[in-house]
Amino acid sequence: MEHFETIVIGGGSAGLAAAIALGRSRRTVLVIDEGQPRNEAAQHAHNVLGNEGINPLELLSRGRQEAISYGVQIIEGAVDRLTGSLDTGFRVTASGQSFSAGRIVLATGLVDDLPAIPGLDRAWGDTAAHCAYCHGWEVRDQEILVLGLGPMSTHQAMMFSQLSPNITFINHNPSALNDENRATLAALGIPVIEQSVQEIEFDAQGDLDSVKLADGRNVSAQALVVASKMNAQASLYLSLGGQLAEHPLGTFIQVDDMGATALPGVYAAGNASNLGAMVMAAAASGTIAGAAINADLLGKQLAKVQAQA
Ligand SMILES: Cc1cc2nc3c(=O)[nH]c(=O)nc-3n(C[C@H](O)[C@H](O)[C@H](O)COP(=O)(O)OP(=O)(O)OC[C@H]3O[C@@H](n4cnc5c(N)ncnc54)[C@H](O)[C@@H]3O)c2cc1C
């Protein structure tokens, strides 16, 4: 079985950044990636310094080439089994192949759970957005509908009200708004429609047209704002005995400042450990985790040499 000093599971911004930090330190690294980054539905990635507006898949393609140039091996596939510990070593199985590793980086991202509204999947990543930093500028001054789904929705309405004077709040889930939320929306001059959304409708060109409400009305829209429920893809961590932490937005893998989880030898980076991390923050946490693993390995090597002296 081929052995690597570190196996990185997930090759998005976080995983590739971790691999590059380790590869540049001449560590043996394998990245196993299923190739479904969270933002693959979007055409552009914003707030990516030096690469503003780049296509998300192009960014990762460049990252893969950079990692490979430092000796990192990358294979496509889904890791379906992770066993072992720091003491015994880890064993990773993907697509019928098994590998062993001294350290693990979980950079598996998160899953956005969207409400089951027909048409929403089609608009997601294009005219249906969750994040003002990712998509806000692109929909400035447009007719924006914020779907009231939970406590995050009022915050989103506030964020998007910076970008357009034309915001309407559709209170899809009646429990989304408490008195304080209502006061916030009123203070911002954002009208609230107390209806659930039945369907998202598109025009003949395929562009977003309107939302159809439960009472049969159509409200026209150029953009939708939707708060997804975010859960770290953490089944592998759970299978090792790890436990997830709760956040108002969903669940995630708790790490320390260097990306170390509660399980020795297992690190996590990107959206797996920080639900709010955008591309650059995900990459930064990957770099930190890679550097932390390298420092850990150096310390162990030094101790071994000193013990033999
Ligand atoms: C629609 C949308 C638009 C966005 N736009 C922006 C933007 O403009 N700017 C910005 O900064 N951020 C944006 N984001 C956020 C951005 O997607 C995340 O910050 C970023 O993807 C996090 O990187 P990551 O490496 O943690 O996870 P991901 O990019 O999701 O990568 C995780 C990788 O791990 C793989 N994986 C998961 N499980 C396994 C497994 N078991 N085995 C092997 N591989 C596995 C996945 O297939 C994937 O390739 C957007 C998000 C969405 C949803």
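This is a predicted model: local features need pLDDT of at least 70, side-chain atom pairs count only at pLDDT 80 or more; totals for chains, interfaces and linings use all residues.

Biologist: How do you know that domain 1 and domain 2 are in contact?

Modeller: Contact needs heavy atoms within 4.5 Å. Nine residues of domain 1 are in contact with nine residues of domain 2. About 670 Å² is buried between the two domains, and carbon and sulfur atoms give 64% of that area.

Biologist: Which residues of domain 1 lose the most area to domain 2?

Modeller: Ala 41, His 46 and Met 278 do. Together they account for 48% of what the domain 1 side buries.

Biologist: Now the helices. Why are H1 and H2 called roughly parallel?

Modeller: Helix H1 is residues 13–23 and helix H2 is residues 56–69. Their axes cross at roughly 20° and come within 9 Å. Angles under 35 degrees count as roughly parallel. H1 and H2 are therefore roughly parallel to each other. Their crossing is left-handed.

Biologist: What makes the contact between H1 and H2?

Modeller: H1 brings Ser 13, Leu 16 and Ile 20. H2 brings Leu 59, Leu 60, Gly 63, Arg 64, Glu 66 and Ala 67. By class, that is five nonpolar, two polar and two charged residues.

Biologist: How do H1 and H8 cross?

Modeller: Helix H8 is residues 279–308. The axes of H1 and H8 come within 7 Å and cross at roughly 35°. This crossing is right-handed.

Biologist: Which residues of H1 and H8 meet there?

Modeller: On H1 they are Ser 13, Ala 14, Ala 17, Ala 18, Ala 21 and Leu 22. On H8 they are Val 279, Ala 282, Ala 283, Gly 286, Thr 287, Gly 290, Ala 291, Ile 293 and Asn 294. The contact of H1 with H8 has ten nonpolar, five polar and no charged residues.

Biologist: And how do you know what to call the H5 and H6 pair?

Modeller: Use the angle again. Helix H5 (residues 151–161) and helix H6 (residues 179–188) have axes that cross at roughly 15°. The cut-off for roughly parallel is under 35 degrees. H5 and H6 are therefore roughly parallel to each other. Their axes come within 10 Å, and the crossing is left-handed.

Biologist: What makes the contact of H5 with H6?

Modeller: Thr 154, Ala 157, Met 158 and Ser 161 of H5 meet Asn 181, Thr 184, Leu 185 and Leu 188 of H6. Four of these residues are nonpolar, four are polar and none is charged.

Key: Residues are numbered from 1 along each chain as its sequence is written. Side-chain values use heavy atoms; hydrogens and water are left out. Axes are lines fitted to C-alpha atoms, for helices over the stretch in contact, and angles run from 0 to 180 degrees between N-to-C directions. Helices (H or I, at least four residues) and strands (E, at least two) are DSSP runs, numbered from the N terminus. Angles under 35 degrees count as roughly parallel, over 145 as roughly antiparallel, 65 to 115 as roughly perpendicular and the rest as oblique. A crossing is left-handed if the near helix is turned anticlockwise from the far one by less than a right angle, and right-handed if clockwise. Ala, Val, Leu, Ile, Met, Phe, Trp, Tyr, Cys and Pro count as nonpolar, Asp, Glu, Lys and Arg as charged, and the others, Gly among them, as polar. Buried area is the accessible area (1.4 Å probe) that two parts lose on being put together, summed over both.
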